[in-house]
Amino acid sequence: MSGQANTKLHIDVYERNWMIISIVLLVVFVTAVSIAGFMMGINVPAPQNRVNPNTVAKEGPFATPGLRELGGGKYEAYILAGNWKFDPKEMSVPVGSSVTFYITSSDVQHGFKLASLETGEATNLNVQVVPGQVSKLTIKLDKPGTYQYICTEYCGGAHPTMFGTLTVTP
Ligand code: CUA
C-alpha cells in the first residue's frame, strides 16, 4: 500500500488532453452536420422503403415510371434504373418546381447524380441506387436549363451510356 490516500481519480495528462480533443472534435462534427443539414439543405438520402427488384418493373409506382404533378409546383419523379438505362430518359418541369425523386434499381447497384449540362455545376441530388431499396431526395429547381442525370456507379459494360435529361423550362 502506498502511503498516499488517493481518493481522486487519477487521469494521466496525455489521456486527459486526448479526451478533451475527442470531445471538441465531436462538437465540431455535430455542428458541421447540423449546418449542412439545416442551413445548406444537404440531405442524407434515406432508404424510403423496400421493393422487390424482380417485380418492381411490373407492379407498383415503378411499373409506370415518370413525373407525377402534385400541384402547387410540386412533382414526384419515379425513376427505374436497370439494363444500363434510366426510365424515363427524359423529363421536363417548369422553373421553380420542387421535385421529389424516388429511385430504385431492377438489377445491380447504380448511382444517380444530377448536374447542369451547360455549366457542369452539380446539384444537391446525388444518391446511390440500390436494388431492393427506394432512394428518396427532394430538390428545388430554381435555374432554367438542361440538366443531366448520370449513373455514378460502375455497373457493367454499358455504364457510360447510362444517363438521362431533365429540362427545366423558363
Ligand atoms: Cu448504372 Cu453505371
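**Entry 1: Ser 97**

I began with Ser 97 and found it buried, because its relative accessibility is 2%, under the 20% limit. I note at the outset that the model I am reading is a predicted one. I placed Ser 97 in strand 6, which covers residues 97-105. I then looked up where its side chain goes, and it reaches the backbone oxygen of Pro 94 at a distance of 2.5 Å. Setting aside neighbours within four places in sequence, I recorded contacts of Ser 97 with Gly 73, Tyr 75, Ile 139, Lys 140 and Leu 141.

**Entry 2: Leu 141 and the cores**

I next looked up the largest nonpolar core, and it holds 25 residues. Leu 141 is one of the residues with the most contacts inside this core, and the others are Phe 86, Phe 101, Phe 112, Leu 114, Leu 125 and Leu 166. I asked which elements give two or more residues to this core, and I noted strand 3, strand 5 (90-94), strand 6, strand 7 (110-116), strand 8 (122-129), strand 9 (133-141), strand 10 (145-150) and strand 11 (163-169). Strand 3 supplies the largest share, with four residues. I also found another core lying apart from this one; it has six residues, including Val 56, Phe 62, Tyr 78 and Tyr 102. As background, I recall that nonpolar side chains in soluble globular proteins tend to be buried together.

**Entry 3: two hairpins**

I turned to the pairing of strand 2 (residues 66-71) with strand 3 (residues 74-82), and I found them antiparallel and joined by five bridges. Gly 71 has Lys 74 of strand 3 as its bridge partner. These two strands form a hairpin with two residues between them, and in the turn Gly 72 has a positive phi of about 65°.

I then examined strand 7 and strand 8, which pair over five bridges in the antiparallel sense. Lys 113 stands opposite Asn 126 in strand 8. The hairpin of strand 7 and strand 8 has five residues between the strands, and Gly 120 takes a positive phi near 75°.

**Entry 4: Gly 132**

I located Gly 132 in the loop between strand 8 and strand 9. Apart from neighbours within four places in sequence, I found Gly 132 in contact with Asn 49, Arg 50, Val 51, Pro 53, Thr 104 and Ser 105. I also looked up Gly 132 against Val 93: they are 39 residues apart along the chain, and their C-alpha atoms are separated by 28 Å.

**Entry 5: helix 1**

I checked the span of helix 1 (residues 13-39). Its 27 residues, at 1.5 Å a residue, should span 39 Å, and the end C-alpha atoms lie 38 Å apart, so the two values agree. At the start of helix 1, I found a side-chain oxygen of Asp 12 reaching to within 2.9 Å of the backbone nitrogen of Tyr 14.

**Entry 6: cysteines**

I looked for disulfides, and the count is zero. I classed Cys 151 as buried because its relative accessible area is 7%. Cys 155 is buried as well, with a relative accessible area of 11%.

How values were computed:
Residues are numbered from 1 along each chain as its sequence is written. This is a predicted model: local features need pLDDT of at least 70, side-chain atom pairs count only at pLDDT 80 or more; totals for chains, interfaces and linings use all residues. Side-chain values use heavy atoms; hydrogens and water are left out. Buried means under 20% relative accessible area, exposed over 50%, partly exposed in between (1.4 Å probe, protein chains only). A polar contact is a pair of N or O atoms within 3.5 Å; within protein, one must be able to donate a hydrogen and the other to accept it, and residues adjacent in sequence count only if both atoms are side-chain atoms. Contact means heavy atoms within 4.5 Å. Two strands pair if DSSP finds at least two bridges between them. A disulfide is a pair of cysteine sulfur atoms within 2.5 Å. A nonpolar core is a set of buried Ala, Val, Leu, Ile, Met, Phe, Trp, Tyr and Cys residues joined through side-chain atoms within 4.5 Å. The expected span of a helix is 1.5 Å times one less than its number of residues.
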